[in-house]
Amino acid sequence: MGSLRVTLCAIAALGAVAVSPAAHAADGGVSLRPSAPSPGGDITLRVSGCPQRTATAASEAFVADAKLAVAADGILLGESRVRSTAKAGTYDVQVACGEASRTAAVTVVRKGTEPSVRHGPQPSAPASPSAPVRAGGGGAEHLAMVDARAAGPGTAHTVTGLVLAGVAATAVALRSARRTRRPR
């Protein structure tokens, strides 16, 4: 089920990248979609021509550094979110690809001034998580994820249980035999 989610998310991200306007860096290797995000909006980064399989993109406009990973077409792909407190203006984006570094720019615009590329009804509220995060239980997540049939008792546990059951049965039989021999 997890690989299905990853595949669907990748297809959705590539679809969003295909229909939104892009901003290209001067060297042509870095593209940002949308080219003019608003504060709090998501941004997709694509880097071409990088020999590494991973890269990192950092900007003052981003909430966190974007971790880029190689996609099926050999292009590095990653996402980040624009800070909700970002002021309108142009921000540098530094992409570290191994020993090489590339620079691009992202222009943050006020909400309501960015061009809309969505078709159909617009959502009334910003996207937010609707389910709790699977964070484990202080180390108990492993126990919840283990298949009981695969991690059940082995041969050693079975033999130990049979020996203990035999000892208990013998003790009960001896005690019963002593009670029947005693005179009343």
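**View 1. The largest nonpolar core and its most connected members.** Of the 22 residues in the largest nonpolar core, those that touch the most other members are Leu32, Leu45, Leu68 and Val93; such a core is a set of buried Ala, Val, Leu, Ile, Met, Phe, Trp, Tyr and Cys residues joined through side-chain atoms within 4.5 Å, where buried means under 20% relative accessible area, exposed over 50% and partly exposed in between (1.4 Å probe, protein chains only). Two or more residues each come from strand E2 (30-33), strand E3 (42-47), E4, strand E5 (66-70), E7 and E8, and E7 gives the most to this core, with four residues. Helices (H or I, at least four residues) and strands (E, at least two) are DSSP runs, numbered from the N terminus. This is a predicted model, in which local features need pLDDT of at least 70 and side-chain atom pairs count only at pLDDT 80 or more, while totals for chains, interfaces and linings use all residues. Residues are numbered from 1 along each chain as its sequence is written, and side-chain values use heavy atoms, with hydrogens and water left out.

**View 2. The surroundings of Leu68.** Not counting residues up to four places away in sequence, Leu68 touches Leu45, Val47, Arg53, Thr54, Ala55, Thr56, Ala57, Leu76, Leu77 and Gly78, a contact being heavy atoms within 4.5 Å. In soluble globular proteins, nonpolar side chains tend to be buried together.

**View 3. The disulfide of Cys50 and Cys97.** The structure holds one disulfide, defined as a pair of cysteine sulfur atoms within 2.5 Å; Cys50 and Cys97 form it, with their sulfur atoms 1.3 Å apart in the model. The pair links distant parts of the chain, since Cys50 lies in the loop between E3 and E4 and Cys97 in strand E7, 47 residues apart. The torsion about the S-S bond of Cys50 and Cys97 is about 75 degrees, so the disulfide is right-handed. Cys50 counts as buried because its relative accessibility is 11%, and Cys97 is likewise buried, with a relative accessible area of 4%.

**View 4. Strand E7 between its partners E4 and E8.** Strand E7 (residues 89-97) runs antiparallel to strand E4 (residues 54-58), to which three bridges join it, and the bridge partner of Thr56 in E7 is Ala96. E7 also pairs in the antiparallel sense with strand E8 (residues 100-108), over nine bridges, and here Gln94 stands opposite Thr103 in E8; two strands pair if DSSP finds at least two bridges between them. In the hairpin of E7 and E8, two residues lie between the strands, and Gly98 takes a positive phi near 65 degrees.

**View 5. Gly89 in strand E7.** Gly89 has its place in strand E7 and counts as partly exposed because its relative accessibility is 24%. Leaving aside neighbours within four places in sequence, Gly89 is in contact with Val106, Thr107 and Val108, while the C-alpha atoms of Gly89 and Val109, 20 residues apart along the chain, are separated by 6.6 Å.

**View 6. Confidence along the chain.** The mean pLDDT, the predictor's confidence in each residue from 0 to 100, is 74 for the protein chain, and 61% of its residues reach 70 or more. Among the elements, helix H3 (residues 155-181) has the highest mean pLDDT (91) and strand E1 (residues 23-24) the lowest (39). Over residues 6-10 pLDDT stays under 50, and the model has zero contacts there beyond four places in sequence; pLDDT also stays under 50 over residues 12-28, for which the model has 30 such contacts.
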